[in-house]
2 protein chains.
Amino acid sequence: MRKYRLLTPGPVPVPERIRRAMAGTLLHHRAPDFLPVFHEVRVGLQRVFGTERQVLLLASSGTGAMEAAVTNLTRPGDTAVVVRAGKFGDRWFELCRAYGVEALSVDVEWGRAVDPDELAAVLRAKRGVRAVFAQASETSTGVLHPMEPVARAVADNSEALLVVDGISAVGVHPLPMDAWGIDALLSGSQKSWQLPPGLAMIALSERAEAALERGGHARYYFDLRKELRGQPTGATAYSPALALIVGLAESLRMLFEDGLERSYARHAELAEMTRDGVRALGMALLAASAPSNACTAVRVPRQLDAGKLLSQLRDHHGVTLAGGQGQLSGKILRIGHMGDLDTYDMLAGLAALELTLLDFGVPIELGAGVHSALNRMRVGVSASAPQETEGRNPWRAS
Amino acid sequence: MRKYRLLTPGPVPVPERIRRAMAGTLLHHRAPDFLPVFHEVRVGLQRVFGTERQVLLLASSGTGAMEAAVTNLTRPGDTAVVVRAGKFGDRWFELCRAYGVEALSVDVEWGRAVDPDELAAVLRAKRGVRAVFAQASETSTGVLHPMEPVARAVADNSEALLVVDGISAVGVHPLPMDAWGIDALLSGSQKSWQLPPGLAMIALSERAEAALERGGHARYYFDLRKELRGQPTGATAYSPALALIVGLAESLRMLFEDGLERSYARHAELAEMTRDGVRALGMALLAASAPSNACTAVRVPRQLDAGKLLSQLRDHHGVTLAGGQGQLSGKILRIGHMGDLDTYDMLAGLAALELTLLDFGVPIELGAGVHSALNRMRVGVSASAPQETEGRNPWRAS
């Protein structure tokens with residue numbers, strides 16, 4: 001049996017500590033002893049979301065929370081603007097279309113970030129836009145959109161609600177909802193939260209909450225009015241994804257033990273060393289101009305078969321990466337930086353990539369990627385905590 | 001710390017074997033090594049559902065599958081008939097109303113089963129009914145509706161699709177979907193499957209599948225057309241509830257090791273001994289005429305405060321039972337028979353109930369309930385497997 005290394009941008013490897021927590025005896029979700037767990041999760045989520053608003057929990061994948069945003073914040077016939085810069089931008093567009101919302105799209109080349117000025121121009125040209133739907137981190141391309149200027153562009157040029165899919169951004173990059181004026185922010189368990197899929201989160205600004213009362217779409221399972229009434233007292237409208245909530249409590253404990261800043265720094269370190277390593281191999285980054293630290297998308301040279309590359313990595317090296325989706329299918333591979341992964345896992349991924357590229361006849365210099373990544377590890381460590389490193393130096397101990 | 005005994009009809013205690021399976025390393029759901037697991041689950045579910053049709057998996061609680069049934073099988077303006085005999089019957093009614101489906105209700109006193117003849121009369125009186133929505137086991141009252149005659153009544157008197165919420169029935173009572181002509185059968189993980197909540201299942205007959213193409217309601221996350229296209233090859237439309245699917249595979253293995261018949265027999269044994277015990281205490285069963293083996297609903301004597309009774313059981317005896325819902329709130333308590341529970345757990349529940357009733361001044365004969373339940377255990381065992389008992393008798397071994 002080959003050791004299994006899951007380096008995809010969701011699902012992600014779940015730390016043993018979280019798996020143990022989820023494997024413990026589960027209390028009934030209405031039990032008094034469960035209330036503190038629910039409360040801890042609520043408060044912890046508020047801290048990570050950067051909000052004083054409720055963060056609601058839904059038993060669904062992230063797409064369920066996206067649907068909830070569309071059906072709770074718009075009405076059929078409303079006009080929305082969608083930032084379409086990848087597969088998940090397309091998902092916003094499809095959701096709007098499915099629910100009879102007119103969606104104007106700001107089309108962005110896959111691999112590039114949206115230009116807030118362009119978005120502003122679209123909003124100025126079309127009055128009465130009800131909502132702007134965007135990704136913070138577009139998981140299909142590894143792009144980080146500039147959410148702070150996007151939020152300013154929306155606020156300065158429209159009355160629209162800004163709805164941000166933070167599924168692969170929250171916990172990876174700072175995304176302070178209240179400070180930046182995001183009206184709805186959502187996430188999903190199988191990303192920076194280090195959990196299996198099946199739990200989604202969504203928070204609404206005061207303005208967004210007021211919009212719930214406009215009614216419009218038929219809704220039931222994802223009716224956020226019901227969740228807002230119950231969840232302050234720990235009562236989800238329907239059976240909650242109990243094991244994942246228990247896991248989330250443990251995940252938040254781990255997060256706050258190290259600190260939120262450390263989580264951002266860790267994702268940055270893994271992403272930067274991967275980008276350095278890939279570049280040193282002469283491969284091109286898809287999102288070079290605006291990379292997300294959630295995952296790194298690497299262009300596969302045209303003469304290579306991406307599917308075969310991924311199979312070889314998986315079957316001969318035990319390293320699972322993700323391929324491209326939609327129009328990028330067969331053209332990229334994606335390396336995830338979320339979940340129970342550290343710098344040495346990234347090194348393993350790069351090393352396996354190097355060996356595989358050589359197998360496929362690509363003339364790389366063996367070790368160049370690993371060396372460049374190692375260098376980033378060294379520079380990163382010495383730059384961020386020199387005192388501590390010095391104090392622990394065994395050669396100076398006596 | 002008091003030992004925790006969860007005797008509610010969902011969530012249910014999860015066996016350690018399943019918790020261990022879920023706590024193992026989770027493979028990516030598109031990994032080739034995961035396909036056999038998905039296949040095993042599909043085939044196992046077909047066996048339990050009694051169908052040759054696909055059983056689709058949804059990342060949601062059972063209510064999500066109920067919503068999927070309504071939005072995929074009806075159109076706004078359609079007429080449906082709803083069997084309303086408890087809180088979950090009400091849920092069908094609310095779902096129809098939320099989605100603009102005219103719902104005629106067959107109102108049944110809570111605690112009684114629907115009369116198939118009454119349903120037939122309603123269907124004869126109203127032409128063009130699109131669907132009949134019912135529960136097999138109504139978890140809020142502990143009633144088992146007679147699904148085979150219900151299915152005949154629907155088929156003989158209408159063209160309507162029969163949609164059955166089998167959330168607390170599948171795996172507890174035989175409910176062979178194909179043989180009985182059920183058009184949609186759904187279930188949820190936190191019942192007889194012995195899993196935490198967050199995974200729902202739904203299967204559609206050929207006729208129901210054809211109805212998907214009629215269109216009608218806006219739908220996206222719960223669009224079963226997409227699931228039917230993907231799931232035969234293991235691909236759910238969105239991130240699947242991966243840990244629960246792995247747990248379900250283990251749950252099905254445990255089920256088939258003992259046999260499906262044994263599962264029905266076990267639930268029957270736990271339910272029967274509980275009913276005997278409760279009756280011996282002079283308490284009345286809510287669903288005496290048509291009891292489900294998923295849970296037993298017991299009327300709380302009018303002079304007692306049901307909430308205080310439940311708190312006392314929980315806080316002083318570690319036994320968690322469920323109270324009543326909706327119009328039965330404060331009037332009943334419910335004892336679950338699903339999940340990792342055996343006859344001795346039922347004895348513990350009854351013993352705690354006896355002690356608590358005495359605390360509240362109810363003049364019961366201490367031990368009467370336990371004695372009656374024990375007697376059922378003895379009669380049950382000696383009737384079902386006398387040979388085996390004899391063979392294992394240590395006094396005869398030498």
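This is a predicted model: local features need pLDDT of at least 70, side-chain atom pairs count only at pLDDT 80 or more; totals for chains, interfaces and linings use all residues.

A: Residues are numbered from 1 along each chain as its sequence is written, and chains are lettered from A and ligands numbered from 1 in the order in which they are written.

The contact takes 44 residues from chain B and 43 residues from chain A; two residues are in contact if their C-beta atoms, placed from the backbone, lie within 7 Å. On the side of chain B that touches chain A, the elements that give two or more residues are α1 (16-23), α3 (62-73), α4 (87-98) and α10 (242-258) of chain B. Such helices (H or I, at least four residues), like strands (E, at least two), are DSSP runs numbered from the N terminus. By class, this side of chain B has 23 nonpolar, 16 polar and five charged residues. Here Ala, Val, Leu, Ile, Met, Phe, Trp, Tyr, Cys and Pro count as nonpolar, Asp, Glu, Lys and Arg as charged, and the others, Gly among them, as polar.

The two chains are related by symmetry. A rotation of 180° with 0.0 Å of shift along its axis superposes chain B on chain A, with an RMSD of 0.0 Å; this relation is that of a two-fold axis. The superposition is by least squares on the C-alpha atoms of residues with pLDDT of at least 70 in both copies. In chain B, the C-alpha nearest the axis belongs to B:Ser60, 2.5 Å from it. The same surface serves both copies, since 98% of the contact residues of chain B recur in chain A.

Chain A may now be considered by itself. Its 15 helices and 14 strands include helix α4 (residues 87-98), through which the chain crosses from β3(A) to β4(A). This β-α-β crossover is right-handed: with the strands pointing away from the viewer, the path from the first strand over the helix to the second runs clockwise. Strand β3 (residues 79-84) and strand β4 (residues 102-107) of chain A run parallel and are joined by six bridges; strands pair if DSSP finds at least two bridges between them. A:Val81, for instance, has A:Leu104 in β4(A) as its bridge partner.

Finally, a cis peptide bond joins A:Gly10 and A:Pro11, with omega about 0°. A:Pro11 has its place in the loop between β1 (5-6) and α1 (16-23) of chain A. The peptide bond from B:Gly10 to B:Pro11 is also cis, with omega near -5°, and B:Pro11 lies in the loop between β1 (5-6) and α1 of chain B.
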